[in-house]
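I set out to record what I looked up in this model, entry by entry. The entries cover confidence, strand pairing, packing and cores.

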Amino acid sequence: MWRKLLLVCLIGVGNAQAAVADTNLVRAVDEAARVTGRPAAIADPGPDVVERKVALVIGNGDYPVSPLSNTRRDAQAIAAALAALGFDVISAPDATPQQMNEAIAEFGKRLQAGGTGLFYFAGHAIQTSHSTLLLPTGSDMRAPAALVRNGVDVSAVLRVMSATRAQQRNVLVLDACLAQPFAPPAQSDAALPAVPSQTLIVYATAPGGLALDGLQHGLLTSAWLRELQSAHGENVGTMFERASAEVAQVTHGRQKPWMSSTLSDALELTDGAQLQRGGVPHITLAQALEAPDAASAQMQTRGIMPKDSNEQYELTFWDSIKDSNYASDYEAYLKAYPNGRFATLARARIERLKAASGAQKPQATPAAPSAPAPQAVAPAAPAAQQRPAAAATPAPAAPTAAQSPAKATVTASGESKDCAACPVMVPLPAGSFTMGSNSDDPSEKPPHRVTISAPFAIGKYEVTVEQWNACADANGCPRLSPESNTVKNAPARDLSWDDTQLYVKWLAKTTGKPYRLPTEAEWEYADRAGTTTKYWWGDQMRKGQANCKDCGDPWHKEGPETIGSFAPNPYGLHDMNGSVWEWVSDCWHNSYQNAPNDGRAWDAPGCNMRVIRGGSWREGGDYMLTSTRFKYSQSVRQSQDGFRVAKDLK
């Protein structure tokens, strides 16, 4: 079946013991990634380095289907090796789409000062008719449209690397399969990106081919790391030629790495330096594979795509989106199958949805105190993976009896519901607090005193699937994607900021109450709940406090837990940290410099980047800090993004 190629496209890096002797550095890299979960600088080359060298290393292995066991070790070994050779290294282990985009943006920023840029990726990759896409962690092979939407196009990475700078030279290494689950390109290299000037691209395999693993690491990178160990200022092209020849030989020609280069002269990565093995024995690829013929045996067990697999996958793709109300799903289909059997129908659906969107554009939310918007730290998603704004649906239906404002209820604790399908709201008093932090994240600085001058109410929980579907049933909101619409008590997700505006508009019209998104200041005020520590529960992460990766049970990687699975903060609010990222009303600014101090939303003319807060179930504990903030394009849907609502109290 078609799945076999996808499920076995394991990639990795060479033997870590043979590759890097600086074990303290390796531990530091791994610990930084484990603790923070954020793209982390590993080494600064310092003022004495003759030429600047900057690297971005990404190793993705946490996939719901076909997880990769070697890629984190692979990326860790490469990052440590490059840092030891004087590179300024950015490391992004198990990166989500947002985190990959953040890391790529940071990479481009550091490259602006000039010098050599090196990009390394270990993880799943696929090819469409015209693109080679690197898959973020969490990508599900069973959701083809999401693969195309969220995959990071290699061409986008090359555009960042090829921006004009001094001493510009680039190396891009892809230790990944080049699987073609869709109809293969008419020409074998049709999906490969054009090579910019002064650039070397190294592929672990040919288009449509497999990249094999050894016991602990991928074969190409294992060979490259040994070349780095023995090199004395040698041309990087020559090093990869030898590494590629070794891989082809030990796999009996089943895996043939290859290169494409526009470098005008020799490029040395080591500047005469040499990695020290520190007594670690040299391990050959044949030994890494356990036996000289092991590569052949592994290749046979991994299966070959049957002749009808592409045809079957197209049917799988179409079946997964045929009832979608998102134009971007049909655009993803056309990107994969520009001449597919459903291409005409896909184009017709797109025209219909866009016509509906043009007929009724979302209007602004009920007037909240106008003001500028907060800031976050995440680059805009590349065009290849952005989803257009949700198609607006017909005008919301009039309130039903079940949704009538007359059905509003208030509990003894002050919590209230304005209709049967409405979120539970918790009233919060006016007050002051210190917003932001003095962490190493510049977007959280400077800490500043904010006064919330009037009481307001905020959702006790995030808006749920069931609550969102009430809006969709009334034709006020688009339908959720099938993969995020299975558990009615789970938070609604895979939503753009524009989508949230449709919901609060519907909720305000249904109840007659001034519903809106919370401002960023209100959100942090609500999360802190009168505390001044890093987390609302203290200065240390404690398991069982938030729905996040490595933060304790209950947790599963497929999606967030149902609302209320964790204890509330002192204000009685659940899941402010973890679960799903929560949209707030503010525009993104890169710091709190000149931020309003009265709790208003910080808006800006022409704003299209909005703030998200709180982290999600897919991030580690370091993202659960109350001050953590990021940004995302307001028209783009992402599977980890949801929201909770706020309401003015009169």
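**Entry 1. Parallel pair S18 and S21.** I looked up the pairing of strand S18 (residues 581-587) and found that 2 bridges join S18 to S21, the two running parallel. I took a pair to require at least two DSSP bridges between the strands. Helices (H or I, at least four residues) and strands (E, at least two) are DSSP runs numbered from the N terminus. Opposite Asp-641 in S21 stands Trp-581.

**Entry 2. Conventions.** I note that the model is predicted, that local features need pLDDT of at least 70 and side-chain atom pairs count only at pLDDT 80 or more, whereas totals for chains, interfaces and linings use all residues. Residues are numbered from 1 along each chain as its sequence is written, and side-chain values use heavy atoms, with hydrogens and water left out.

**Entry 3. The sheet around S18.** I traced an open sheet of 4 strands in the order S20-S19-S18-S21, with mixed pairing. Strand S20 (629-633) and strand S21 (641-642) are at the edges with a single partner strand each, so one side of each has no neighbour in the sheet. Helix H5 (residues 97-111) packs on the sheet and touches S18, strand S19 (609-613) and S20. The direction of H5 makes about 95 degrees with that of S20; axes are lines fitted to C-alpha atoms, for helices over the stretch in contact, and angles run from 0 to 180 degrees between N-to-C directions.

**Entry 4. Confidence.** I read the pLDDT, the predictor's confidence in each residue from 0 to 100. The mean for the protein chain is 78, and 75% of its residues reach 70 or more. Over residues 285-308 the pLDDT is below 50, yet this stretch has 45 contacts in the model beyond near neighbours in sequence; contact means heavy atoms within 4.5 Å. Residues 360-406 also have pLDDT below 50, with 164 such contacts.

**Entry 5. Nonpolar cores.** A nonpolar core is a set of buried Ala, Val, Leu, Ile, Met, Phe, Trp, Tyr and Cys residues joined through side-chain atoms within 4.5 Å. Buried means under 20% relative accessible area, exposed over 50%, partly exposed in between (1.4 Å probe, protein chains only). Which members of the largest core touch the most other members? Of its 54 residues, these are Phe-119, Phe-121, Leu-172, Phe-317 and Tyr-333. Helix H13 (residues 327-336) gives the most to this core, with 6 residues. Domain 1 (53-270) and domain 2 (310-355) both contribute residues, so the core lies between them; the domain bounds come from an automatic or database domain assignment. A second, separate core has 39 residues, including Val-463, Ala-474, Trp-497 and Val-645.

**Entry 6. Helix H15.** In helix H15 (residues 465-473), 7 of the 9 residues are buried, so the helix is largely enclosed by the rest of the structure. Among them are Trp-468 and Cys-471. The buried residues of H15 pack against helix H16 (497-511). Asn-475 follows H15 and has a positive phi, near 65 degrees.

**Entry 7. Strand S9.** I checked strand S9 (residues 199-203) and found 5 of its 5 residues buried. Thr-199, Ile-201 and Tyr-203 cover one side, Leu-200 and Val-202 the other. Strand S8 (residues 169-175) runs parallel to S9 over 5 bridges, with Val-171 opposite Leu-200. Strand S10 (residues 258-261) pairs with S9 in the antiparallel sense over 4 bridges, and Trp-258 is the bridge partner of Tyr-203.
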